[in-house]
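Please open the structure in your viewer, with the sequence panel beside it, and follow the selections below in order.

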Amino acid sequence: MADAKSGGTDIVDMLLGIEPGSALAALRAERPEVLRHTRQSYEALFEPASTGGLSRLDRGAAALRVARLSEDAPLATHFRHYLAGITDGDAFIDAVERFPEMVSTKRLEAILLHVDRVTRTPAMATPAHLAELQSAGLAPTDIVTLSQLIAFVTYLTRAVAGLRLLGSAA
Amino acid sequence: MSETKRAFTMEPLDWASWLPTLKLEEATPEQIAVLEESLPTAKTSPYYLLLARDVEVLRERSRLFNAVMYAPKGLARGDRELATVVVSRINHCVYCASVHAIRFAQLTKHPEIPQAIFDEGLSTELSERYRAITDYAAKLTRMPSAMVAADLAPLRKVGLNDLEILDLTNAVAMFAWANRLMLSLGEPVAKPSTP
């Protein structure tokens, strides 16, 4: 399964513009399992075979918001493109970008509120936050996936930030 | 909720889920396989039984976690554990901090170092090497967008090469992930006292 996907775009290479044969490509290749499972985590979250109860729209919105809160402009651009590929027009992307000023649905509001809490103040989490998500229509499995997604994007922004330094200092 | 204000400790803790976990008797063969490869005790762990609800993501997360923390060569395992204690201290993940402070102490025989980080915070007195690792981990945790090439200088000065800095970066990043799951899906609880 892993090999079937190995021809796809690597999110980290794409964000950093890492070319095959470059020093950063060689460094990343020294940790092949990290490279592979970072890529496949991205695929499992953003290109899943089945989206279950968390749509691609939900996923892209949450990820764009984490990227913006993390002040990661290239990552935000990436998720804007991801959303643009699955929505017509800019209204939905605008609603996400201008949250909480502009809110489209109760479901999106609940998701983005949770994104803000888990990204910025994870230690303030309470069971009531998960109850809010459930009353907005998310099942427990959807909440697990959303939590994994938010946490993965906070991982990705830091993994990429460190690699960027190693590239610039080489 | 009061449990999340629990003090940092080097005693082992349990973790309780806020959502219903997967029942093992209802698990698919794929879920069982992913639990078994995640951790030897995953089939009785509420944390893994909760994450197994999205089995594709758990499989990748577990394989990534194990590669980041245990891959041979590169950064010393104790240094990776120290970085995760620093990140968990900042994010206030008492559960993660306990697990990885204990591992650090087992690997290095220096329990007083994580204990000092718990008691006095990140400004506690540390060796030059541990200071460099701690400061890099702290900045990458708090302000990833503000990282500049000069942030690598203290790590280079204490002798870290590129692979070791990559390993350090990945350990810090992995705990941005791990802390957020542990903090937002449940809470640490005392282990039942067994005589």
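Domain bounds, as used in this tour, come from an automatic or database domain assignment. This is a predicted model, in which local features need pLDDT of at least 70 and side-chain atom pairs count only at pLDDT 80 or more, while totals for chains, interfaces and linings use all residues. Residues are numbered from 1 along each chain as its sequence is written, and chains are lettered from A and ligands numbered from 1 in the order in which they are written.

**Confidence**

The model as a whole has an ipTM of 0.96 and a pTM of 0.95.

**Chain A as a whole**

Helices (H or I, at least four residues) and strands (E, at least two) are DSSP runs, numbered from the N terminus, and chain A has nine helices and zero strands. The C-alpha trace of chain A spans about 50 × 35 × 35 Å along its principal axes. The radius of gyration of chain A, taken over C-alpha atoms, is 17 Å, close to the 15 Å that the globule rule gives for 170 residues, so chain A is as compact as a globular protein of that length; the rule itself is 2.2 Å times the number of residues to the power 0.38.

A residue is called buried if 20 or more other C-beta atoms lie within 10 Å of its own, exposed if 12 or fewer, and partly exposed in between, with C-beta atoms placed from the backbone. Buried residues make up 42% of the 170 residues in chain A. Two residues are in contact if their C-beta atoms, placed from the backbone, lie within 7 Å, and among contacts in chain A between residues at least 6 apart in sequence, 66% join residues at least 24 apart.

**Two backbone details in chain A**

Most residues other than glycine have a negative phi, and most peptide bonds are trans. Select F99(A) and P100(A), which are joined by a cis peptide bond with an omega of about 5 degrees; P100(A) is found in the loop between α6 (91-97) and α7 (106-120) of chain A. Then move to E71(A), which is not a glycine and yet has a positive phi of about 55 degrees. E71(A) is in the loop between α4 (56-69) and α5 (73-84) of chain A, and with 13 C-beta neighbours inside 10 Å it counts as partly exposed.

**Where the chains meet**

Show both chains and select the residues that touch across them: the contact takes 44 residues from chain A and 44 residues from chain B. On the side of chain A that touches chain B, α3 (32-46), α8 (127-135) and α9 (140-169) of chain A each supply at least two residues, and α9(A) gives the most, with 22 residues. Ala, Val, Leu, Ile, Met, Phe, Trp, Tyr, Cys and Pro count as nonpolar, Asp, Glu, Lys and Arg as charged, and the others, Gly among them, as polar; by these classes, that side of chain A has 24 nonpolar, 14 polar and six charged residues.

**The domains of chain B**

Colour chain B by its domain assignment, which gives domain 1 (2-70 + 184-190) and domain 2 (77-178). The C-alpha centres of domain 1 and domain 2 of chain B lie 23 Å apart, and their contact takes 12 residues from domain 1 and 16 residues from domain 2. On the side of domain 1 of chain B that touches domain 2, β1 (13-17) and α3 (55-70) of chain B are the elements that give two or more residues, and α3(B) gives the most, with three residues.

**Along α5 of chain B**

Which residues of α5(B) are buried? They are V94(B), Y95(B), C96(B), A97(B), S98(B), V99(B), H100(B), A101(B) and F104(B), and they pack against β1, α4 (77-91), α6, α9 (162-185) and β2 (186-190) of chain B. Just after α5(B), K109(B) takes a positive phi of about 65 degrees; K109(B) lies in the loop between α5 (94-108) and α6 (112-120) of chain B and is exposed, with 9 other C-beta atoms within 10 Å.

**Last stop**

Finish at L152(B), in the loop between α7 (128-142) and α8 (153-157) of chain B. L152(B) is buried, with 21 other C-beta atoms within 10 Å.
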